[in-house]
Amino acid sequence: MASISKLGGSAAAATASSFSSSSALRSEPKLSFHFPRASSITSRVPAISISFRRGRDGRTPLTVKCSQVDGNGAQGKRTTLHDLYAQEGQSPWYDNLCRPVTDLLPLIASGVRGVTSNPSVRFWSYLCLMVFSNALNIAKVFAHFGDNSIFQKAISSSNAYDEQFRQLILSGNDVESAYWELVIKDIQDACKLFEPIYDETDGGDGYVSVEVSPRLARDTEGTVEAAKWLHKVVDRPNVYIKIPATAECIPSIKEVISLGISVNVTLIFSIARYEAVIDAYLDGLEASGLSDLSRVTSVASFFVSRVDTLIDKLLEKIGTPEALNLRGKAAVAQAALAYKLYQKKFSGPRWEVLVKKGAKKQRLLWASTSVKNPAYPDTLYVDPLIGPDTVSTMPDQALQAFIDHGTLARTIDSNLSEAEGIYSALEKLGIDWSEVGTKLEVEGVDSFKKSFDSLLVSLQEKGDSLKLVSPALLE
Ligand SMILES: O=C[C@H](O)COP(=O)(O)O
């Protein structure tokens with residue numbers, strides 16, 4: 001935990017949001033939006049129609065169309081993210097975050113109610129930026145020597161992370177401290193944008209998640225310390241500290257909850273582990289000394305698409321018609337059983353005692369909702385998982401697909417017997433759910449850790465090259 005204590009001082013000084021919350025957050029979109037980075041945003045009232053692209057800075061394009069076209073192509077029917085929440089009680093969240101966080105404003109206006117981030121999502125966005133940033137720095141060196149109008153044009157474009165990173169490195173921060181400073185700034189700014197939702201729902205929604213270092217996924221105490229530190233330095237009521245649901249971190253979750261810190265438990269792949277996560281939440285609430293539990297909340301992030309990816313491979317190995325026919329069904333079936341467990345555990349005498357102290361249910365959050373097999377419908381991990389008191393966090397692809405042709409209906413518990421049938425048919429074919437969960441967890445932890453490690457290596461190189469170039473050339 002050396003890195004945490006080492007980082008505490010400088011990160012605690014990270015600045016608060018540089019902008020105030022916009023009135024656009026509080027109302028339906030009006031005739032048009034004007035955001036500096038969005039190249040095209042339009043909206044009609046009363047039939048909301050939003051389309052926007054992220055473009056000019058050369059980063060990953062984001063195109064979101066919020067049309068009033070229903071699943072059958074009929075115009076005028078309103079199937080929006082707002083309806084998903086208002087009619088079905090499911091909160092649509094956005095599974096991505098990068099600068100400028102004001103890019104979230106149109107999404108919030110279209111009904112997005114929270115954000116999740118993880119080391120790999122941030123990693124890719126950030127790496128793209130750093131490559132771009134490096135090109136700019138080289139450009140600046142060339143520009144210093146002469147006549148490069150193309151470079152001058154490039155230089156006049158803004159570069160979101162570059163300046164803060166340069167300042168951090170040149171003022172003596174190591175790259176890991178610098179990384180956390182960058183992350184904390186984004187999370188704080190995003191929290192500010194979602195604060196109106198958090199306030200309107202009395203702390204029930206409007207959260208932004210940030211994950212502890214993935215290097216700590218097998219470290220119980222290290223995770224507790226990291227969660228305490230992140231919670232303190234972000235210093236926003238609507239931040240979720242993400243903790244992985246590894247066996248080692250189950251006790252961390254209990255302890256962190258008992259301290260009154262809200263948690264997004266991530267990387268859940270099996271029903272058995274999900275039950276341990278719920279118990280850790282309940283244990284934590286019971287162990288808390290707080291008389292009012294209403295501000296300690298949690299979501300349990302159950303991953304879906306990755307389950308199908310792995311089980312489909314196993315079914316293909318089995319190769320019988322029955323096995324092949326079960327492809328693409330495991331993840332949704334398991335999710336339906338998870339929801340059944342959620343309903344059971346958040347009812348009854350034990351739960352009622354906590355309710356009297358203001359406790360809120362730990363909502364199920366569907367993560368990993370983008371379809372990996374292009375043969376499957378692109379709303380496969382959204383449409384069948386709609387139900388009250390749940391969250392669906394969607395990356396661009398899933399979000400756009402749902403807005404474009406998703407189906408608004410309570411589905412999560414509409415065919416429980418079918419889900420149970422699929423779950424046990426898979427078992428009979430030799431699929432070991434516990435093994436599947438373990439394998440996915442190991443892969444998930446490893447991949448987040450690898451992303452994080454590579455990012456730090458890459459940042460180290462950028463930091464070293466910054467120190468080699470005279471600051472005067474970079475002015
Ligand atoms: O943070 C978790 C993401 O939802 C993971 O999604 P993915 O399985 O598509 O990588």
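Biologist: Which residues in α7 meet which residues in α17?
Modeller: This is a predicted model. In it, Val175, Glu176, Tyr179 and Trp180 of α7 are in contact with Phe452, Leu455, Leu456, Leu459 and Gln460 of α17.

Biologist: What kinds of residues are those, by class?
Modeller: The contact of α7 with α17 has seven nonpolar residues, one polar and one charged.

Biologist: And at what angle do the two helices pack?
Modeller: About 110°, with the axes 9 Å apart. Helix α7 covers residues 175-200, and helix α17 covers residues 433-468.

Biologist: Why give both an angle and a distance?
Modeller: Because two packed helices are described by the angle between their axes and the distance between the axes.

Biologist: So what do you call α7 and α17 relative to each other?
Modeller: Roughly perpendicular. Angles of 65 to 115 degrees count as that, and the angle here is about 110°.

Biologist: How many residues apart along the chain are Glu195 and Arg236?
Modeller: They are 41 residues apart, and their C-alpha atoms are separated by 9.0 Å.

Biologist: New topic. What surrounds the ligand?
Modeller: Asp95, Asn118, Lys242, Phe303, Arg306, Ala367, Ser368, Ser370 and Lys372. By class, that shell has two nonpolar, three polar and four charged residues.

Biologist: Which polar side-chain atoms lie 2.6 Å from an oxygen atom of the ligand?
Modeller: One belongs to Arg306. Ser368 also has a side-chain N or O atom 2.6 Å from a ligand oxygen. For Lys372, the distance from a side-chain N or O atom to a ligand oxygen is 2.7 Å.

Biologist: How much of the ligand does the protein bury?
Modeller: Taken alone, the ligand exposes 310 Å², and the protein buries 84% of that.

Terms used
Residues numbered from 1 in each chain as written. Predicted model: local features only at pLDDT ≥ 70, side-chain atom pairs only at ≥ 80, totals over all residues. Heavy atoms only, no water. Axes fitted to C-alpha atoms, helices over the stretch in contact; angles between N-to-C directions. Helix = DSSP H or I, 4+ residues; strand = E, 2+ residues; numbered from the N terminus. Parallel < 35°, antiparallel > 145°, perpendicular 65-115°, else oblique. Contact = heavy atoms within 4.5 Å. Nonpolar A, V, L, I, M, F, W, Y, C, P; charged D, E, K, R; others polar. Near = heavy atom within 4 Å. Polar contact = N/O pair within 3.5 Å; in protein donor to acceptor, adjacent residues only side chain to side chain. Areas by Shrake-Rupley, 256 points an atom, 1.4 Å probe, with all protein chains shown as cover.
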